[in-house]
Amino acid sequence: MAENYHYHHYAPSDLDEILALFSLSFNGLELSPEYYKWRVLDTPVNKNLVDLFKNDNGKIISHYAVCPVKSFYNGETSLSELSLITMTHPEYKSLGLFPKLAAKLYERSFNEENIQLVYGFPNTNSHYSFVKKLAWNDVYMIPTMKKAFTTTVQGDKSYTEIFNADQRFDKLWEQHTQKTDRFYANVRNSTFINWRFFNRPDKKYRLFAFENNNTVQGYFVIKEYVNASTKEIDVVDFLFTHDFDTTAFFNSIAQLATELDAKTVNMWIPYSTPLYNLAEKSGYLPKEHITYLGYKPFNPGKKLDELRIPTNWYLTMCDSDVY
């Protein structure tokens, strides 16, 4: 086996080989071209940030893709990136290619695209490498808040299903961010909502809004699925005006669980917020899955050490590529 390898950016002709490498790297698990294009290539920010190492014969032996996103912090919008698909051909794992490829991709992200940081959710297999080899900052382990529903909950609905996010959601985002000092990995405007939830080719989401006089005071997004023959709901995103009574949110989730015959509801809730406290009061408990959160800043002029503190993040499941 030749140990020479060469650095490349993604080209459309690489796609089939990338999908084959994914299957080889993850025990036969398949990655569809439609999902790859949506998640990696055809994003709202629309930048190609996929880097590769190839051997002397032009074979892809290592791959790293990130998804550039619009983030919000301290009253400003900037670019970040979500760490996505990392893989190295099994025959080349001894060469330590991933840290070298990541260093090149991170340098390109900052110097060419002005991306300020990378964030992500390393699994237990990759967490050590991200922290020790890539110098990521650990933030915390995010618990999944769960509640089991054993009784029916009924009442008048205060929410409406929406099938396309319009400018009212942009207005909600503007109002929400006037009174917050947290880091939002993803700007929750209508462009993001429609891309993230309605354009995804392999999963179905449902968007519900709390409306008043043709304005949107809040919204939440769910995904339904069956786990071991039991119906469950993931609440993958939510956002409200700061004066919105969020008890209506938890009541609505309970009503939906009854309507859909779901026995368990799962969500991530921003830690140490009134919403978190209300979730606990409503019977949600931190359970597995536990997810690592980490980040690495690129701009030496913005160290962003304060993002090591969990309470400085606003996170829901939609900020991850898993849900």
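Reader: Which residues lie nearest the centre of the second largest pocket, and how many line it?
Author: His-176, His-242, Thr-273, Pro-274 and Leu-275 lie nearest its centre, and the lining has 16 residues in total. A pocket here is an open set of points on a 1 Å grid over the protein atoms alone, where a 1.4 Å probe fits, with protein on both sides within 12 Å along at least five of seven lines, and lining residues have an atom within 4 Å of a point.

Reader: What sort of model is this?
Author: It is a predicted model, in which local features need pLDDT of at least 70 and side-chain atom pairs count only at pLDDT 80 or more, while totals for chains, interfaces and linings use all residues. Residues are numbered from 1 along each chain as its sequence is written, and side-chain values use heavy atoms, with hydrogens and water left out.

Reader: What volume does that second largest pocket have, and what classes of residue line it?
Author: The volume of the second largest pocket is about 380 Å³, taken as the space filled by probe spheres set on the points. Its lining divides into seven nonpolar, six polar and three charged residues, where Asp, Glu, Lys and Arg are charged, Ala, Val, Leu, Ile, Met, Phe, Trp, Tyr, Cys and Pro are nonpolar, and the others, Gly among them, are polar.

Reader: And the largest pocket, what is its volume and what sits closest to its centre?
Author: The largest pocket has a volume of about 1400 Å³, and among the 42 residues that line it, Phe-26, Leu-84, Thr-86, Asn-123 and Ser-126 are the closest to its centre. By class, that lining comprises 21 nonpolar, 14 polar and seven charged residues.

Reader: Which element gives the most to that lining?
Author: Strand 4 does, with six residues. Helix 1 (15–25), strand 4 (76–88), helix 3 (97–113), helix 4 (127–133) and strand 13 (285–297) each supply at least two residues of the lining, helices (H or I, at least four residues) and strands (E, at least two) being DSSP runs numbered from the N terminus.

Reader: Strand 13 again, then; which strands does it pair with?
Author: Strand 13 pairs in the antiparallel sense with strand 6 (residues 137–148) over nine bridges, and with strand 5 (residues 117–120), also antiparallel, over four bridges; pairing requires at least two DSSP bridges.

Reader: What about strand 6 and strand 12?
Author: Strand 6 pairs with strand 12 (residues 264–267) in the antiparallel sense over four bridges, and Ala-148 stands opposite Thr-264 there.

Reader: Which residues other than glycine have a positive phi, and where are they?
Author: Among them, Asn-74 has phi near 55° and sits in the loop between strand 3 (60–73) and strand 4. Asn-214, with a positive phi of about 65°, is found in the loop between strand 9 (206–212) and strand 10 (215–227).
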